[in-house]
Amino acid sequence: MARFDNSFDATGIEPAAGYDVLPAGKYVAQIIESEMRVTSNGMGQFLWLMLDILEGPYKGRKVFDQLNLVNQNPTTVEIAQRALSAICHATGKLQVTDSEELHLIPMTIQVTVKPPKNGYGERNAIRYLVPKDGVPSAASVKPQPASAAAAPAAPAKIASAPWNKKA
């Protein structure tokens, strides 16, 4: 039991709304949080990811993914490792020791909608799109106007996490 110091009155506060699934499509996103978590059966671990949509009508929406990197099933581990490799290629960070190295780097993702299963509703699935030319996502490289072509380019500004912004 948790006793509040003061009585809480919910009449003046809008309730939190759950997330609807994001419509299928391609989105520019960045990882904003990640952590290793233990699987529900305690026999493995997965890399949990929170991504932020950066552009379009769903800008600011969050999508989530998990990569089962430690599992008794080698196929499950291989699938997770391939997804992590795709993230690394999409962000241009090919050797990492901490998932935080992949944070705040724009990349293109493909979102699909998985149908309801095992008593759970629809959910999103994410594929990380590896750039065809081997260069990190075109979303992170904005085209320069013709007049700016001769001027030295300013370094690309990577979006920062809202909780890291100075007031």
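1. Helices (H or I, at least four residues) and strands (E, at least two) are taken here as DSSP runs, numbered from the N terminus. On that basis the chain's secondary structure comes to 1 helix and 5 strands, which follow one another along the sequence in the pattern β-β-β-α-β-β.

2. The model is a predicted one, in which local features need pLDDT of at least 70 and side-chain atom pairs count only at pLDDT 80 or more, while totals for chains, interfaces and linings use all residues. Residues are numbered from 1 along each chain as its sequence is written, and side-chain values use heavy atoms, with hydrogens and water left out.

3. Burial is judged by relative accessible area: buried means under 20%, exposed over 50%, and partly exposed in between (1.4 Å probe, protein chains only). Buried residues make up 30% of the 167 residues in the chain. With contact taken to mean heavy atoms within 4.5 Å, residues 24 or more positions apart account for 49% of the chain's contacts that have a separation of 6 or more.

4. Helix α1 (residues 74–91) deserves a careful look.

5. At its start, a side-chain oxygen of Asn73 reaches to within 2.8 Å of the backbone nitrogen of Thr75, whereas just after the helix Gly92 takes a positive phi of about 80 degrees.

6. Side chains of opposite charge can pair when their charged atoms come close. The structure holds 3 salt bridges, a salt bridge being a side-chain nitrogen of Lys or Arg within 4 Å of a carboxyl oxygen of Asp or Glu. One of them joins Lys62 to Asp52, with the closest N and O atoms 3.0 Å apart. Because Lys62 lies in strand β3 (residues 62–70) and Asp52 in strand β2 (residues 45–53), this pair ties together parts that are 10 residues apart in sequence. Asp52 counts as buried, at 14% relative accessibility.

7. Arg82 is exposed, with a relative accessible area of 58%, while Glu78 counts as partly exposed at 39%. Arg82 is also 9.9 Å from Tyr128, C-alpha to C-alpha, although the two are 46 residues apart in sequence.

8. In the remaining pair, the side chains of Arg37 and Glu35 meet in a salt bridge at 3.3 Å, N to O. Arg37 is partly exposed at 30%, and Glu35 is likewise partly exposed at 37%.

9. His103 lies in the loop between α1 and β4 and counts as buried at 16% relative accessibility. A polar contact of 2.7 Å joins its side chain to that of Ser34, where a polar contact is a pair of N or O atoms within 3.5 Å; within protein, one must be able to donate a hydrogen and the other to accept it, and residues adjacent in sequence count only if both atoms are side-chain atoms. Leaving aside residues up to four places away in sequence, His103 touches Ile31, Ile32, Glu33 and Ser34.

10. Asn124, in strand β5, is buried, with a relative accessible area of 16%. A polar atom of its side chain lies 2.8 Å from the backbone nitrogen of Leu22, and the side chain of Asn124 also reaches the backbone oxygen of Thr112 at 3.3 Å. Residues up to four places away in sequence not being counted, Asn124 touches Val21, Leu22, Val63, Val111, Thr112 and Val113.
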